[in-house]
Amino acid sequence: MTHLSKSPWILHYDASSCNGCDIEVLACLSPLYDVERFGIINTGNPKHADVLVITGGINEQNREVVRNLYEQMPDPKVVVAVGICASTGGVFRECYNVVGGIDCIIPVDVYVPGCAARPESIIDGIVRALSILEEKKNMPAPGRATQGGEK
Amino acid sequence: MILVEYAVIFIILAPFIGGLLAGIDRKLTARMQGRVGPPLLQPFYDVGKLFKKEQIVVTPSQHFYVLSYLVFIVASGALFFAGGDLLLVIFAFTLAHIFLVLGAYSSYSPYSFIGAERELIQIIAYEPMIILAAVGMYMVTKTFFVWEIMASSMPLILYLPGVFLGFLMVLTIKLRKSPFDLSTSHHAHQEIVKGVTTEFSGPMLARVEIAHWYENVFLLGFIYLFFAWNPLVGIIAIIIAYVLEILIDNTFSRATWKFTLKSAWIIAGMMGLVNLGVLYYLSGVVPV
């Protein structure tokens, strides 16, 4: 355990979630689950975040937003897809505007299944993501993507 | 006389005390909200992590401004604890915050801009009261030098109760506590992304955080000055003031910038100026 996994700051983004998973993510911050006891803080700023928590699948409107948020986060960083929609597209997979799970746009490190995902499993997923964060610290930095990136 | 060794002690110890204070703050805040809260050393883990993160540079001049912010905060604190001139301390302290504002302005980010503007408004709001505090101390002790104020046997708090209350109000702004955490705020709170610190990441953000620790220790030292005639009372006053600030932080919702400016100036006028006026009027009656 180093400082990296003792102080994970989270950026929560609602891609096209039905809000079910979002409420469960927020429940993790409530006194009952209190994720701040692991040093977890919900930031609103990708430049301060270590863990990107995304709920809901990617649609045509937000694919650039998700990529942009991911690229603004400083390395090392991990992505946690919360809920079945974020993992695979879920029940919305066949919709005309839905692209699919988060992993069709950015690399995902941990998938948290469930509809909606339980707070316990979200916390479990984030704690697993922390060990991946530790591994990534020792890997050479992949280098920052050039401005704009590929479409 | 100027005591350089106290300045050195401040430079070495203040980050530890400041970080620990931040840890106590977060723990107390969590307990007030019925949560367990993070470990006491969490602020140190946070800063340790930030130093390990990649540094995304938005504009190269950011480095210069953030470093200047840290250096001038440390300088003003060191000057204060060395017993230097209070006016010079306040000048260096204000300059440090101007550097923070410039750092936020240098990045062409709308969120950072709003944070910078609000930080400026906060500086405008608290500056009169801090200067009034220095003037009040001069009126009682006839000196601006901190070591002479420390050595004086005058119970400053009895002469300057209004100034002290006004200073407490300003302390809420300076410690970035609700309801006056407009430009950027503590731990889990957010304010228009993250206000002035939006565009600082990794080691740069760590430097801002460390500067804030230095700043907090300096401000608590300023409270001590009001009670310098009795060290025990001074330390108790610091503890009460800090716990009170945490309670206020958890009790009030965030105010608008207009209300912040108005209330800070009204209180500086009502408490500070009236206090100084009474002191001036009574200067023939009571031995000042």
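The model is predicted; local features need pLDDT of at least 70, side-chain atom pairs count only at pLDDT 80 or more, and totals for chains, interfaces and linings use all residues. Residues are numbered from 1 along each chain as its sequence is written, while chains are lettered from A and ligands numbered from 1 in the order in which they are written.

**Confidence**
- The model scores ipTM 0.84 and pTM 0.88.
- Chain B has a mean pLDDT of 87, with 96% of its residues at 70 or more (pLDDT is the predictor's confidence in each residue, from 0 to 100).

**Nonpolar cores**
- The largest nonpolar core has 79 residues, and Y69(B), M129(B), V170(B) and Y214(B) have the most contacts inside it.
- Such a core is a set of buried Ala, Val, Leu, Ile, Met, Phe, Trp, Tyr and Cys residues joined through C-beta atoms within 7 Å; a residue is buried if 20 or more other C-beta atoms, placed from the backbone, lie within 10 Å of its own.
- A second, separate core of 41 residues includes A15(A), I58(A), V82(A) and I105(A).

**Helix α9 of chain B**
- Because 20 of the 24 residues of α9(B) are buried, this helix is largely enclosed by the rest of the structure (helices are DSSP runs of H or I, at least four residues, numbered from the N terminus).

**Contact between the chains**
- In chain A, 20 residues are in contact with 26 residues of chain B (contact: C-beta atoms, placed from the backbone, within 7 Å).

Conventions: Buried ≥ 20, exposed ≤ 12 C-beta atoms within 10 Å, placed from the backbone. Helix = DSSP H or I, 4+ residues; strand = E, 2+ residues; numbered from the N terminus. Contact = placed C-beta atoms within 7 Å.
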